[in-house]
Amino acid sequence: MKPKVAFFDFTSCEGCQLQKLNCEDELVTILSAVEVVNFREATSVRRDDYDIAFVEGSISSPTCVERIRKIRENAKVLVAIGACATTGGINMLKNFRPLEEVREYVYGDKAGYFDTLPVRPVGQVVKVDYKIHGCPMDKQDYIETVTALLSGREPRLTRYPVCVECKTAENPCRYDFGEICLGPVTRAGCGARCPSNNAICFGCRGLVDDPKTDAADDVLRERGLSVQDILKKYRLFCGYAEVAQ
Ligand code: SF4
Ligand code: SF4
Ligand code: SF4
């Protein structure tokens, strides 16, 4: 019997779900190996008897909390996909302002109709078995995770910082241009996509496991910078770590 899979979205732009549909070369192979029983963007089928749930988006309201708990109860395996789900992503910026102020800014005089909570990554509300990082999630990581789950092995995902991929690509360092780059503490796996295109790393894949903060401090100190100087950039995708402290 084919494993039954479902895809769900929470607070997000739904770009990570589109990434799945963008796996054009692999889509037919994946679809022949699984049965999709719930995927709002791609099918009208709505069933709750899934084995694997792929979850996009952050948890930001009481309704989200209720829904994700039900999904967790139904799923044997839950995979958080994309920065919104794995780290809270840019939605976490909401947590740095008073909740009422944010609600009124978005909904104006209708704010009272919309219940809201501080944003949390999925893993802070229910158990997450696997994470696929990035904004949007990386296609190769997604294919690797699906392949691993279908083969009964652990997914092979990167555990070193973006600087490793950036140096391997022989890119000039953005710090040498007077810019601030989060590559030293960000999880690699994107092939250092942004520095390879003359842009800084904004940390969309979240903090690498066990970030070498001493080395990152050295990089800043050498340039006459402090942690305060990088905090705004850091909050864009990694604010969850600051809030969790
Ligand atoms: S991680 Fe990025 S692309 Fe994916 S849903 Fe969130 S904002 Fe959209
Ligand atoms: S700090 Fe940024 S630009 Fe410099 S090596 Fe690391 S990833 Fe590349
Ligand atoms: S370089 Fe940084 S911001 Fe760009 S895709 Fe990779 S992790 Fe994300």
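Predicted model: local features only at pLDDT ≥ 70, side-chain atom pairs only at ≥ 80, totals over all residues.
The domain assignment divides the protein into two parts. Domain 1 spans 4-151, and domain 2 spans 162-244. Their centres, taken over C-alpha atoms, are separated by 25 Å. The two domains touch. On one side, 16 residues of domain 1 take part, in contact with 13 residues of domain 2. The side of domain 1 that touches domain 2 has seven nonpolar, seven polar and two charged residues.

The shell around ligand 1 draws on several stretches of the sequence. Ser-12, Cys-13, Glu-14, Gly-15 and Cys-16 are among its residues. Glu-56 also belongs to this shell. Two helices stand out here: H1 (15-21) and H4 (83-86) each supply at least two residues of the shell. By class, six residues around ligand 1 are nonpolar, four are polar and two are charged.

Ligand 3 has its own surroundings. Gly-134, Val-162 and Thr-186 are part of the shell. Cys-190, Ala-192, Arg-193 and Cys-194 also surround ligand 3. A run from Cys-201 through Phe-202, Gly-203 and Cys-204 to Arg-205 makes up the rest. The shell around ligand 3 comprises seven nonpolar, three polar and two charged residues.

Helix H8 covers residues 213-222. Of its 10 residues, the number buried is zero, so the helix lies largely in the open.

Note on methods. Residues numbered from 1 in each chain as written. Chains lettered and ligands numbered in written order. Near = placed C-beta within 6 Å. Helix = DSSP H or I, 4+ residues; strand = E, 2+ residues; numbered from the N terminus. Nonpolar A, V, L, I, M, F, W, Y, C, P; charged D, E, K, R; others polar. Domains from an automatic or database assignment. Contact = placed C-beta atoms within 7 Å. Buried ≥ 20, exposed ≤ 12 C-beta atoms within 10 Å, placed from the backbone.
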